[in-house]
Amino acid sequence: MPIGGCTVSSTLRTTVSLGHEAHSYRKFLTSRFHSLRKTGAPVDIHPEVDEALAHNKPVVALESTIITHGMPYPTSIDMAQSVENIVRSTGCIPATIGIIDGRVKIGLEPRQLEQLASRRANPLKISRRDISAAIVSGNDGGTTCSSTLIFAALAGIKVFATGGLGGVHRGGENTMDVSADLHELTRCPVGLVSAGVKSILDIGRTLEYLETLGVPVVSYGEVKDFPAFYSRKSGHQAPWNVTNAIDAARILYTHRQLGMTNGALFAVPIPEKYEATSAVIQEAVELAVRESEESGVSKLGKEVTPWLLKRVGELTQGRSLESNIALVRNTALIGGQIAQEYAILAREDGQIEACFQPSPFSAQSRTQNARGPTGQRRVGPSAVLNDGKASIVVVGCAAVDITSKVERTLSLSQKTTHPGKISLTLGGVARNIAEAAHWVLTGFRGESSTTLLMAPVGEDIFGRLITDSTQSMGMRTDGLSLVPGQQSAVCNVVLDARGGLETGIADMGLPQLWKGSEVFPVLRDHPPRFLVFDGNISADSQQSFCRCYLFCAVHLLFTPSSEPTSVAKSTRILPAVVANLGQTPRSIISYASPNLLELGCMYDEARTAFDLMSHDHWWRVIDGFSLGSSFRMELDQLAKARVSDKAPELGDLSFLVNKGVVQMAINLLPFFQHLVIKCGELGVVVVMRLGGTDVGKWAMERSNPRDRYIVAYSQASAETIVVQHFPPIHVQPATIVNTTGAGDTLVGALLAMVVQNPDTFLDVVALRDAINIAQQAAILTLQSSSAVSPLLSSLPMQPLR
């Protein structure tokens, strides 16, 4: 689609190259991993690695055969952890690659590293030929250089650091015993950083074979001497050498510019202080090789190398293992430096990788998109919407957030520019909540289709950005509706140096214009467990959703506003409450999640502008609560408790009484059954109304102000009122990147926990666990440059008790 003489593609390329942080959509538009997610391939990319690649941060791949077969336990796990730490010290993200329970893992959790290193499940040594069979059999496996190269290239990782490359075995001219590592370097555009090839091999013939294959061999140092693993010199010369990480990165980057699909070998000599023992080790190598030939071990194929390395270790009484660890640590350091420089080159050039996904606005897509009765066109084929029932349907705003953060806090009233950073991320309350729920459910249950986002997107570059990035995260896009001739929702905020909001402009016209008619067939034909809608959509649409709720077994959750907070939007739900008041004895809205400011605004407007608290229904419900002096006494006791036992500087809970938080919440319970009140650094307060037999384990609970909850049971209405405070989880201020999206993340994570355990709010322990996890999720987002941290999928959750 032409825009000002440019195609959408070229315009987007220009937009994405406007600033360093704008590269956050490099992965969304071009992810090599996207096609795997669509096919359901058994490959999992660690959220930390995924986020790094999405934001063009440097990543270094690491193999796992050295963990499973190269070193004894526990040396293997210590080495693996230290190498990952060295990579991090260079500013890069480590991605150790392995196979766990038949699934390829690009980036391992600590417990998975331990699983491979301990060898409890007898992990296999996995080369290219073994990948599919090992996956089908459900085995664990350590990836060799060959298979690690494959998965690094698949994920778009440009640098891979290891100890030694495989090669031509001694006598290989007769046995044809040649490592698959060499051929893989012709297929994978990855820079392999190693201490040359293993000294048990025929180094001369290996170099000749690499020349035949057309693989660049580059010595890393002042001379062209090719290292021999334990020794800085092998007696052979490399055709090229570089003396710094910048030139090494430029070689890889030039490959990319020329469209070359092969990798390159960077041979890094072992640190000089280990050279003194190299002669002794080499003698042991020669002896071990002779022993392998005499005993027939040399004919055992892939078992030869682990046997030889173990035997050399025995002959040198552990000195070879010490040298092996040193050279691996050294290559990790150099690999991280090269990856860092490559990322800088990519940013400066505005690089976008080659696996570009076609735009949903292309001519081909237009013929497939169904036009609805309102003139809105669905982004994906309309049939897809009915392919999978969602547990959570989130309706509202999907936006692009442009965030400007000043380097140091100044008076923004000055009519001048300020130095700082500008980032481009996805936002919108509905979209944020949907993404948070998606990541948590994906991590906990491996399900990516249980959350459906339904939101309008404009026929513009931002609409395309929202759609492509949503798809690349593995989320459903069949609920996104393209509205021709309209601009997508955009929020532009300015943050101070600590990430706090200073000011902003929100262009949210599209969600208010959108009628949301696509939602009703979903509610009718495939009712979800939760229908969530935000305050950005029109009051008329909210009223229609509430009316539909009266005839569907669907829980409604209203989340007031976008982040940053907009109190005006927090009251848009009230006309819907007025229109449906008295039609059901239960609260019209099952859940609402205001912050303290929004709670006050909702209460004031309900009491004054809408006069809801003079309605007969309100009086009947409030009278039925029968809250008397005992409740007020217990509330006073609760107010004396500390906000957090771990942070006495936060004071006590007197704000619950002094600022009328509990009073306002109880007065809103006739309309909202569960109020999850976000109190920022003061934690979370839940005020809820449980009726009849639907009380769960609260029926056995009594008020416990010391444990921060009050339970009030009414014999008149058989209802139970619960007020519970949850202390905040401390977060170091220096780790906070920005504050937008944290509240939405908390709501989305909590929703996911309720989907996992529908009785969450009926159990004091389950609720405490769920809020704790939701707060952990919010902290991860506070520490992320994204509106919602993809690290949510790695939250350490256990089944709720």
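**View 1. Strand E13 pairs with strand E16 in the parallel sense.** Four bridges link E13 (residues 392–395) to E16 (residues 451–458). Strands (E, at least two residues) and helices (H or I, at least four) are DSSP runs, numbered from the N terminus. Two strands pair if DSSP finds at least two bridges between them. Val395 stands opposite Met454 in E16. This is a predicted model: local features need pLDDT of at least 70, side-chain atom pairs count only at pLDDT 80 or more, and totals for chains, interfaces and linings use all residues. Residues are numbered from 1 along each chain as its sequence is written, and side-chain values use heavy atoms, with hydrogens and water left out.

**View 2. E13 also runs parallel to strand E20 (residues 530–534).** Four bridges join them. Here Val395 has Phe533 as its bridge partner. In a regular strand, side chains alternate between the two faces of the sheet. Both faces of E13 are covered. Ile392 and Val394 are buried on one side, Val393 and Val395 on the other. Buried means under 20% relative accessible area, exposed over 50%, partly exposed in between (1.4 Å probe, protein chains only).

**View 3. Strand E24 (residues 684–691) is mostly covered.** Seven of its eight residues are buried. E24 pairs antiparallel with E23 (residues 672–678) over five bridges. Ile677 partners Val685 there. In their hairpin, Gly680 takes a positive phi near 60°. E24 also pairs antiparallel with E26 (residues 719–726), over eight bridges. Val684 partners Phe726.

**View 4. Helix H4 (residues 47–54) is largely enclosed by the rest of the structure, because seven of its eight residues are buried.** Among them are Pro47, Val49 and Leu53. Asn56 follows H4, with a positive phi near 60°.
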